[in-house]
Amino acid sequence: MIDDYIEFTKKVKQKLGIDLQLYKETQMKRRLTTLRNKRGFPSFIIYFDALCNDEMLLKEFTDRLTINVSEFYRNPRRWDVLKDRILPMLLQNNGRLSIWSAACSTGEEPYSLALMIKEHFPAAAVQILATDIDELVLSKAQQGVYTEQALKELPNPLRKKYFTKTGSLYKIDDALKKDITFKKHNLLADRYPVHVDLIVCRNVLIYFTDKAKEAIYQNFSNALKTNGVLFVGSTEQIFNPNQFALNLADTFFYQKQ
Ligand SMILES: C[S@@+](CC[C@H](N)C(=O)[O-])C[C@H]1O[C@@H](n2cnc3c(N)ncnc32)[C@H](O)[C@@H]1O
């Protein structure tokens, strides 16, 4: 019998261009089975037919594919290394930086970058490309409104300086938006940018199969300028960076050879 889930992943790829087979199967299948059962469909094939005929179901499904949790200065020690070592090194020979925040979710990461550079390297000219596969999170990112939880690692003086509090919500200073371009991008299918100085891609590679990860590392390496840096999440170290023409620059930072 043809595997119901495999058949579903093929149809989803045709319809949405999202290849579920490149995400770790047990994890993804468990999440999607829970959602499918919640909506009362006995098989993935029946669920797929329903997705094709119901916009709301389809939207719920694409939202569930992605886990969107993020926060400002997530893993703050790593952001200190970025500020104290990596950014000064990248700015040494060049006052302009091209930065890509890939899988940026609701914008905490690109705004953290914009804020850090404005605060500590005010003379630097930066362009930040902020991308995600999920359009809903990108529109939230553009609004730039956050709860206290998202700001918990951000030092208080920065919170005061760059946010306006209304009720329980914090709105980011519009001036920080001018260097950021938000755009939809699928790491598993779309063309990558080129001549990038710094790629920040954190807490998404964990969801992908080893094969998909390797293709992404190679694409990141190709996207970086010589001496450019890839900053990954705190559970996402690359075991054989040399294979992708990358050297370890600091824990969770890799420099293009
Ligand atoms: C847990 S969030 C990480 C947010 C941020 N980078 C951080 O570390 O706080 C994972 C993000 O990856 C995105 N994502 C999942 N699959 C993707 C893909 N194939 N291409 C681009 N983004 C993807 C999700 O939409 C989600 O916003």
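Modeller: We will go through the sheet, the helices on it, the salt bridges and the cysteines.

Modeller: This is a predicted model, in which local features need pLDDT of at least 70, side-chain atom pairs count only at pLDDT 80 or more, and totals for chains, interfaces and linings use all residues. Residues are numbered from 1 along each chain as its sequence is written, and side-chain values use heavy atoms, with hydrogens and water left out.

Biologist: In what order do the seven strands of the open sheet lie?

Modeller: Strands of a sheet pair through backbone hydrogen bonds, either parallel or antiparallel. Helices (H or I, at least four residues) and strands (E, at least two) are DSSP runs, numbered from the N terminus; two strands pair if DSSP finds at least two bridges between them. Here the order is β6-β2-β1-β7-β8-β10-β9, with mixed pairing. The edges are β6 (180-184) and β9 (246-250); each has a single partner strand, so one side of each is left without a neighbour in the sheet. From one strand to the next, the twist averages 20°.

Biologist: How many bridges join β1 to β7?

Modeller: Three bridges do so, between residues 96-102 and residues 196-201, and the two strands run parallel. I99 has L198 in β7 as its bridge partner.

Biologist: Which strands does helix α5 touch?

Modeller: Contact means heavy atoms within 4.5 Å. Axes are lines fitted to C-alpha atoms, for helices over the stretch in contact, and angles run from 0 to 180 degrees between N-to-C directions. Helix α5 (residues 76-91) packs on the sheet and touches β1, β7, β8 (224-232), β9 and β10 (253-256), its direction making about 175° with that of β8. Helix α9 (residues 210-223) lies across β1, β7, β8, β9 and β10, at about 135° to β8.

Biologist: How many salt bridges does the count come to?

Modeller: Side chains of opposite charge can pair when their charged atoms come close. The rule asks for a side-chain nitrogen of Lys or Arg within 4 Å of a carboxyl oxygen of Asp or Glu. The count is 16 salt bridges. One of them joins the side chains of K59 and D63 (3.1 Å, N to O). These two are four residues apart in helix α4 (residues 55-65), separated by about one helical turn.

Biologist: What relative accessible area does K59 have?

Modeller: Buried means under 20% relative accessible area, exposed over 50%, and partly exposed in between (1.4 Å probe, protein chains only). K59 is partly exposed at 38%, and D63 is partly exposed at 24%.

Biologist: Which parts does the salt bridge between E135 and K184 tie together?

Modeller: The two side chains meet at 3.6 Å, N to O. E135 lies in helix α7 (residues 135-143) and K184 in strand β6, so the pair ties together parts 49 residues apart in sequence. E135 is exposed at 53%, whereas K184 is partly exposed at 44%. Elsewhere, salt bridges that share partners join R78, R85 and D250 into one network.

Biologist: How many disulfides does the count come to?

Modeller: A disulfide is a pair of cysteine sulfur atoms within 2.5 Å. The count is zero. For C201, which is in no disulfide, the nearest cysteine sulfur is that of C104, 10 Å away.

Biologist: Is C201 buried or exposed?

Modeller: C201 is buried, at 0% relative accessibility. C52 is partly exposed, at 36%.
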